[in-house]
Amino acid sequence: MSTEHPISPSPDPPSIRWAQRLILGLFFALVGGIVVWIVHLIRLSWRLRDVPSASVGISLVAIPVFLILLGVVNYVFWGLRRGGKENR
Amino acid sequence: MSSSETPRQGDGALFEPIGRTTSAYYLTVAGLLLLVGWGVASYVYQWVYGLGVTGLNRPVAWGFYITNFVFFIGISHAGTLISAILRLSHAEWRRPITRMAEVITVVVLGIGGMNILVDLGRPDRALNVLLQGRYQSPLLWDATSISAYLTASTIYLWLPMIPDLAMLRDRGRRWRWLYGVLALGWTGTERQHRVLNRAVAIMAVMVIPIAVSVHSVVSFVFSMTLQPGWHSTIFGPYFVVGAIFSGIAALIITMIVIRRIYHLERYLKPVHFRNLGTLLLLMSLLWFYFTFAEYLTGYYGNEPEEVGIMWSKFNGPFAPFFWGMVIANFVVPVLVLSFWRTIPGTFIASVTALIGMWVERYIIIVPTLSHPLLPQDVWAYLPSIIELGETVGSFALFVLMFAVFIKLFPIISVWEIQEGREEALEVTTKRILSYLPDESLQGQT
């Protein structure tokens with residue numbers, strides 16, 4: 001994908017840009033919700049003294065995975081937006 | 001490839017399924033909707049009258065629904081895992097098949113998860129997982145890993161589609177607004193290409209361990225119990241191997257059907273089927289090795305409960321399923337693919353492998369539950385028409401969602417085909433020359 005590419009003008013009207021922001025916002029909400037859910041389960045197991053180490057151990061893997069996924073989507077969203085302004 | 005660039009004339013065939021809808025397509029969709037409707041009606045009936053309308057009982061509390069769940073989650077490995085491995089290993093022949101594989105993954109993951117909700121009987125009980133879940137339970141590991149896999153697979157499907165979505169947006173087709181939103185302002189600049197390449201590479205690396213973890217965790221639902229026939233240390237890799245095996249089979253069948261219907265012979269060539277056939281053969285041998293190791297260990301240990309279940313599979317009521325599975329998963333694929341890695345050959349092997357893998361899931365689940373540890377007779381499980389309806393509905397939903405995807409998006413990655421044409425030859429030549437000991441050849445590119 002490193003060859004010279006002709007550039008098309010930015011085609012996105014405001015409604016499309018708002019919808020794109022909405023998708024990003026929903027993705028933040030999804031990942032945020034999952035992180036809050038996992039933290040809730042840790043608190044619950046802690047409060048009930050119900051092997052909290054299992055919850056902590058799994059969350060140490062699960063939460064970073066979701067945060068990395070959020071990071072990738074965020075990177076693509078802003079990266080493409082900035083990249084689209086190049087050569088314009 | 002720029003978004004404004006018109007695809008090469010030859011690649012117009014890749015957009016044809018979106019622009020042209022035949023009466024056969026509408027008929028197929030109508031038929032599928034009927035079957036999905038049967039599944040929905042079965043579910044509504046079960047919701048109203050409870051799980052008593054199924055063949056599930058005590059102790060056989062898991063039957064068709066959990067078999068479907070494990071089967072569909074297994075097929076999901078088609079996609080993302082195979083696509084990611086081929087992408088990371090720079091296998092150039094991957095280009096026309098990765099999109100199909102990724103779509104299969106996303107669709108079947110959703111259907112697999114849906115089967116869990118159906119099995120719950122009362123879907124409101126899913127809230128208990130959210131509110132009172134316990135992370136000691138492998139069931140919750142499942143919920144977490146499948147959520148991660150579905151999220152990652154959806155992103156991994158979407159990102160490599162962005163340049164194609166921009167093409168569709170710029171061609172002014174129907175759904176232009178949708179394409180515009182999903183294309184994220186792609187205009188084809190160098191910087192955008194860099195960003196997208198980097199993100200796709202990160203996702204390809206990420207989805208492999210997530211995919212492996214998903215089917216390992218699905219196997220842990222069984223192996224973490226002390227049930228004979230389930231409590232096995234090799235269940236994780238055994239399930240992963242079976243999942244990749246069924247995933248490749250599903251991918252081959254999909255490719256053959258799509259190739260035939262949309263006349264994509266220029267893109268899906270015999271070499272693709274030969275390569276995937278080799279992979280399928282390898283996975284069939286691996287599957288047999290794991291099955292042999294699993295059963296031999298149990299047989300040699302000679303624990304009465306373990307052996308009782310085993311004999312019910314070898315020459316008892318489950319024998320037709322067991323030997324059918326061995327024939328479908330090992331005998332037919334190995335015989336056919338050893339000598340006949342053609343399109344018809346891979347099709348036959350894939351169909352038998354898919355059937356065999358569904359049966360394998362069934363005889364892992366049901367025989368163990370049919371032999372409870374408490375002293376009582378062997379229990380029979382016979383699925384009801386409700387379970388059959390929901391199973392047929394699940395399969396029909398898979399095909400329907402795939403058919404809808406084809407109507408909206410290119411099923412073969414257009415920009416990756418074009419990129420392959422423009423750059424892959426040079427890149428591959430350089431790579432091959434770098435393997436060779438003769439350094440003087442390296443200046444030839």
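A charge counts as sitting over a ring if NZ of Lys or CZ of Arg is within 6 Å of the ring centre and within 35 degrees of the ring normal. The model you are looking at is predicted.

Select K407(B) and Y25(B) to begin. K407(B) lies over the face of Y25(B), 4.9 Å from the ring centre.

Next, select R361(B) and F239(B). Here the charged end of R361(B) sits over the ring of F239(B), at 5.1 Å from its centre.

Now turn to ring pairs in general. Over all chains, the count comes to 36 aromatic pairs. One of them is W37(A) with Y135(B), a tilted pair with 6.4 Å centre to centre and 50° between the planes. W37(A) belongs to helix α1 (residues 14-47) of chain A, while Y135(B) is in the loop between α5 (126-132) and α6 (138-158) of chain B, so this pair joins two chains. Are the two residues buried or exposed? W37(A) is buried, at a relative accessible area of 13%, and Y135(B) is buried as well, at 1%.

Last, select Y362(B) and Y381(B). This pair is also tilted, with 6.4 Å centre to centre and 40° between the planes. Y362(B) lies in helix α14 (residues 343-370) and Y381(B) in the loop between α14 and α15 (385-408), so the pair ties together parts of chain B that are 19 residues apart in sequence. Y362(B) is buried, with a relative accessible area of 5%; Y381(B) counts as buried at 8%.

Notes
Residues are numbered from 1 along each chain as its sequence is written. Chains are lettered from A and ligands numbered from 1 in the order in which they are written. This is a predicted model: local features need pLDDT of at least 70, side-chain atom pairs count only at pLDDT 80 or more; totals for chains, interfaces and linings use all residues. Side-chain values use heavy atoms; hydrogens and water are left out. Rings of Phe, Tyr and Trp (its six-membered ring) pair if their centres lie within 6.5 Å; planes under 30 degrees apart count as stacked, over 60 as edge-to-face and the rest as tilted. Helices (H or I, at least four residues) and strands (E, at least two) are DSSP runs, numbered from the N terminus. Buried means under 20% relative accessible area, exposed over 50%, partly exposed in between (1.4 Å probe, protein chains only).
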